[in-house]
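Open the model in your viewer and keep the selection panel at hand. The stops below go from one interface to the next, with a ligand site at the end.

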Amino acid sequence: MKAAAFDYEKPADVAAAVKLLSGAQGMGKVIAGGQSLGPMLNLRLAQPQLLVDVRGIAEMCAVTETPEALTIGACVTHARIEDGKLPDATRGLLPAVAADIAYRAVRNRGTLGGSLAHADPAADWVNTLALLDAVAILQGPAGRRELKVTEFMHGPFATALAEDELLVAVRIARLSKAARWGYYKFCRKTGEFAEAIGAMLVDPERKVCRAVVGATTSVPHVVADARAIAERFMPDEALKAVEAAGLGDDPYERQMHFAALKRAAARMHGGGS
Amino acid sequence: MEGKSGKGVGASLLRKEDERHLRGRGEFVGDIQRPGMLEAAFVRSPVAHARIKGIEKPAGFEDRVFTMDDLADVKAIRAVTAIKGFKPSDMWPLARGKVRHVGEPIAVCVAATRAEAEDIAAQVYVDFEELPAVVDMVEARTSPPSLVHEEWGDNVFLETLVDDDFTAVRARAPIKLRRHVRTARQSMAPMEGRGVLCEWNTRLGQLEMYSSAQMPHINRSGLSECLGLDQGAIRVIAPDVGGGFGYKGILLSEEICLAWLSRRLGRPVRWLEDRREQLVASTNCREHDYDITIYAERDGRLIGIDCDATVDSGAYSLYPFSACLEGAQVASILPGPYKMEHFRCHTWSACTNKPPILPYRGVARTGVCFALELMMDAVAREAGMEPYEVRLANLVLPSEMPYDNITKKHFDSGDYPEAVRKAVAAIDLPKWRARQKAGEADGRRIGVGLSVYCEQGAHGTSVYSGWGIPMVPGHEQCFARLSPDGVLELRIGAQSHGQSMETTFAQVANEILGVDPDKVRLIHGDTALTPYSTGTWGSRCAVMSGGAVATAAREIAQRVKKIAGKLMEVAVEDLVLEDGKVKVAGTDKQMTLAEVAHVWYRAPQRLPADVDPGGLEATVGYKPQRDTGTFSYACHAVVVAVDPEIGHTEILDYVIVEDGGTLINPMVVDGQIYGGTAQGIGTALYEEMNYDGEGQPLASTLADYMPPDRPKCPNRASST
Ligand SMILES: Cc1cc2nc3c(=O)[nH]c(=O)nc-3n(C[C@H](O)[C@H](O)[C@H](O)COP(=O)(O)OP(=O)(O)OC[C@H]3O[C@@H](n4cnc5c(N)ncnc54)[C@H](O)[C@@H]3O)c2cc1C
């Protein structure tokens, strides 16, 4: 199938992009890497009248750093992260996750912001950024606002973004030297979306111990105090988390997500690989 | 055997085809442009089973949208068989009265671009009265929710029975095992989908159709029947074709529509199937259901097999293979390479509200082999034997060859047990058995799998005539011409789409004529340029077209020798063909093929008056002495690690032992085997075309339908 007709603009800054989206009155759509939107356009599941390509906006491609945090522009590609082109604020977590997203061809184009804005529950960044308790930076006609990514995503393919709002960047708190993480995703084939994701982060200096039951039917399920799963893996507690994520009824879902948590914990204790 | 020149039969010559394919210079239907060409998009049924109450064309586009009412002079596609009791189905190129599967074409829309044609298609309104969908093949025949073709009275294309009396067997057999085995419905997913471009040539009064097709001559015959044109008024060209596997062995509704449109509109029209159409709308394959009971002695020797097999044939009988081929194959090949005294097989080719099926690589063999080999493993467990021992106890022995098996299949030659012994040795069974005993540190379980089969190729007239489908193969022709410059031109009616015939047939010609493979040009897949052929399917071309090429090369060799003999004043018997030359044995007297050809065409004054005027061009035919087909055979062995916690499977080792007889090009044969193995891995672990209770396909993109990819296939397989 071929996309229905649309207009195309490539603005140079955030303000211009917001203006274009406002002018489109709900019929505009942002395009970044096009790796999710492209197929939707071709299948005519999305039929916007205007596409606003944000890849020409310098601020959205930028990466900035402070002692406390790393801010990654929404248009930074999976490949840039995979290749270690960003300062390592997460003790290797971001590059490791990036390297396991789809194929290189998809990673060359797909962006961090696009993945988050697309809000597929099975996407890697959706779950990783929830684990890291990252902050999404949005800009619309009324100016900027910041939201925790856990509040940014409302449900499957649904976010806090208004029709004329952009996701400009994502801010991640820097992990301490003692931080350790474990990430496990199960998919049958490279490039297939995950059937289950388990993720864990322990950062004692910052008093963080989180776990994520990922690839759920909706938002990532975050266990904010995950000591009973992460520090010492207690199967009953892990199962409770899976149930709390709404995955307790289907025996297959339950088992897969349980195993993903267990393996994420094992990986974390195996040295954070 | 590597031939005299090192480039003939047995040489792993690099593929001539790759020059253009690796550089992206091939020409597929999607690459062809014609001035004024329109693109077509089809309005397809969103429901599995419904009556059509009305179709509304969008205002202003009445002359761009066409329905079956517009194509009133076109006949339905009817693929009947001669088997008693077969119920034919009328498959209208565009739905008439009813739709019977999701994706069935209802209307065709044309515009300057595909996107615009889809814009129009989106506005066509179809009023449906939905009917209960027939989704499950067994339910379709036992308790049908509705009738797919109402006039039939049931949902069965064909029921067949190979009968036998099991009363005594049941009473005495020490081992008796019954299993229910199902294979998934699949979609053959060639890299290139289908594509059709039609143009009416007013000078020739001829339809020119480019189609991504495996059997262009058969398409031409079918088109002629449906369109009421004589065959000479149709030219079908299959240009480069990006994979077939049976998916393109069909007369398409889309071909008929486009042929009609191009004539009606006086403009070229093209349709390129997209992946979504390929997956949901076109054709599927391989959905089988076996209720199978096996009887054996304590020592693992088979007594007999009793099986009820149902094949989900989908909604229509396709041209030319028909809806009965798959079921008929099941009944005739289920005994596999084994000996047994009793065999009973009851088959039903069930009709459902799903796309019709086509024979996918190894027609029915995959399902049959799966069902049978599972039973052999079950017997091994019951008898307390190694699975390979049970196979060895039942395989036809080399001393028994040639062997007519219980379904009268004529196994020509081979050492089946040796294939098993080699595979078991190569996979190192004791090593894995020890590891299984010890257990894995990571908790995974190791499994060793074994599968043996023999596979019929080059089925001839006697095999197909009983089925009486619209196409019965028999013989194959080749036109050969030694051109004035010594280049050999070969024309065959089959189509090469991955089989590497441009290379392998050049090797066959080299073996006989001594002509360098670089100086052989194979022309194929064009009905205007090649002899009639039933096309490329059923592992037949190496034998049939290859046989025709060899026969033609021999004929040309004789004629070259006759002319050269006159020119060099020696007896024909003293001449040999080597390195592109005609040499007088035992002397250094010689002429090049080019010199001989030049004299024949351009300087005939140098020839004596009594030279045979037959010349250096000939069309000759080939028919094997026995037409029951060839039987190659193989044994595959695999070691997998299964993760019991998540069900994930990893292939640790894979061994293939295959006897393909004389290999024209071993590299090409290896490629075919690796490709087939990848398809088998997909069948076993990844691919499934699922439908919900309403007959809606659940895999409509390659995100849901999963052919195995490179990382999922073993890096190396040892092939012997
Ligand atoms: C074959 C294949 C395999 C894949 N496998 C995986 C995988 O294993 N794991 C995984 O996580 N992902 C996978 N993906 C998805 C991939 O990561 C996409 O790149 C990502 O989901 C979207 O990023 P994008 O830049 O391409 O966004 P686009 O496709 O351009 O946009 C996606 C959506 O986000 C919106 N959007 C994009 N950027 C912004 C912005 N800055 N502000 C507001 N809205 C915005 C768009 O309007 C659109 O709705 C796969 C994709 C493909 C094609």
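How many residues does the contact take from chain B and how many from chain A? It takes 18 from chain B and 18 from chain A, contact meaning heavy atoms within 4.5 Å. This is a predicted model, in which local features need pLDDT of at least 70 and side-chain atom pairs count only at pLDDT 80 or more, while totals for chains, interfaces and linings use all residues. Residues are numbered from 1 along each chain as its sequence is written, chains are lettered from A and ligands numbered from 1 in the order in which they are written, and side-chain values use heavy atoms, with hydrogens and water left out.

**Stop 1: chain B against chain A**

Show both chains as surfaces. Together they bury about 1700 Å², 51% of it on carbon and sulfur atoms; buried area is the accessible area (1.4 Å probe) that two parts lose on being put together, summed over both. Select Glu645(B), Ile646(B) and Met706(B): these supply 37% of the area that chain B buries against chain A, more than any other three residues.

Next, select Arg44(A) and Asp119(B). They form a salt bridge, with the closest N and O atoms 2.8 Å apart. The interface has five salt bridges (a side-chain nitrogen of Lys or Arg within 4 Å of a carboxyl oxygen of Asp or Glu). Now colour α2 (114–122) and α17 (666–686) of chain B, each of which supplies at least two residues of the side that touches chain A. Helices here are DSSP runs (H or I, at least four residues), numbered from the N terminus. The largest share of that side, four residues, comes from α2(B).

**Stop 2: the two domains of chain A**

Colour domain 1 (1–175) and domain 2 (180–268) of chain A separately; the bounds come from an automatic or database domain assignment. The contact takes 30 residues from domain 1 of chain A and 25 residues from domain 2 of chain A. Between them the domains bury about 2100 Å², 65% of it on carbon and sulfur atoms. Select Asp124(A) and Lys185(A), whose side chains meet in a salt bridge (2.9 Å, N to O).

**Stop 3: the ligand**

Select the ligand and the residues near it (a heavy atom within 4 Å). There are 30 of them, and Asp124(A) is among the closest, with Val30(A), Gly34(A), Leu37(A) and Thr111(A). An oxygen atom of the ligand is 2.7 Å from a polar backbone atom of Leu37(A). For Thr111(A), an N or O atom in the side chain is 2.6 Å from a ligand oxygen atom.

Definitions and conventions:
Polar contact = N/O pair within 3.5 Å; in protein donor to acceptor, adjacent residues only side chain to side chain.
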